[in-house]
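Let's take a walk through this protein together. Have a look at the fold first, and then we'll go through it piece by piece.

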Amino acid sequence: MPYRYIGKETTIHYTGSMVEVYYHQRRIALHGRHPEKGSYNTNKEHLSSTHKYYSDWSPEFFKRKAARHGDHVLGCVEAILAKGDYPEIGYKRAMGVIQLHKAYGAERLDNACKRALQADAATYIRIKNILKNNLDKSSLFYRDLEEDKSHIPDHGNIRGASAYQ
């Protein structure tokens, strides 16, 4: 029903295919009824201006916003959106990550997202903690140059997996 009636006492009449909402014997909304349990229909004209903004949210909306702050921010947002069972939850988490640029700047946010992606920890809380603890400024974690180098030193007595078949 229109947002201005939220909190007001209304009367609802429904059939298998339609839902009608009345306020003081005056019909204020008429919707087709969704046959699936737990699903809903939304008439955008009934939304407040704030909620109309939310109704425009989509994965592409967040990817465009994230891309403005760097490739790693975009990567984190894509990872967050891919993990969520419900899109709305992923949208809120993605928005939280994007909003971190206001407090820390786009460059630091991109560096923090780079670190989160390397650790396979692309979540809002992890990225926020990286920024809060200034870990995005630390080069200890970055493995750009040594990523393919083994941590085991070369030695003549060390045999590989093939020696144990």
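Start inside, with the largest nonpolar core, which has 23 residues. Among its members, F62, V77, L109, C113 and I127 touch the most other members. Keep in mind that what you're looking at is a predicted model. The top contributor is α4, which gives 6 residues.

Leaving aside residues up to four places away in sequence, I127 touches C76, V97, L100, L109, A112, C113 and A116.

Three of them make an open sheet in the order β1-β2-β3, and the pairing is antiparallel. At the edges sit β1 (11–14) and β3 (26–32), each pairing on one side only. Going from one strand to the next, the twist averages 20 degrees. Strand β2 covers residues 18–23 and pairs with β3 in the antiparallel sense over 6 bridges. If you want a spot to check this by eye, find V19, which stands opposite H31 in β3.

Last stop: the segment after α6, where you'll find D136. Is D136 buried or exposed? It counts as buried because its relative accessible area is 3%, and the cut-off for buried is under 20%. The side chain of D136 also has a partner: a polar contact of 2.8 Å joins it to the side chain of R108.

Key: Residues numbered from 1 in each chain as written. Predicted model: local features only at pLDDT ≥ 70, side-chain atom pairs only at ≥ 80, totals over all residues. Heavy atoms only, no water. Core = buried A, V, L, I, M, F, W, Y, C linked by side-chain atoms within 4.5 Å. Buried < 20%, exposed > 50% of the residue type's maximum accessible area, 1.4 Å probe, protein only. Helix = DSSP H or I, 4+ residues; strand = E, 2+ residues; numbered from the N terminus. Contact = heavy atoms within 4.5 Å. Pairing = 2+ DSSP bridges. Axes fitted to C-alpha atoms, helices over the stretch in contact; angles between N-to-C directions. Polar contact = N/O pair within 3.5 Å; in protein donor to acceptor, adjacent residues only side chain to side chain.
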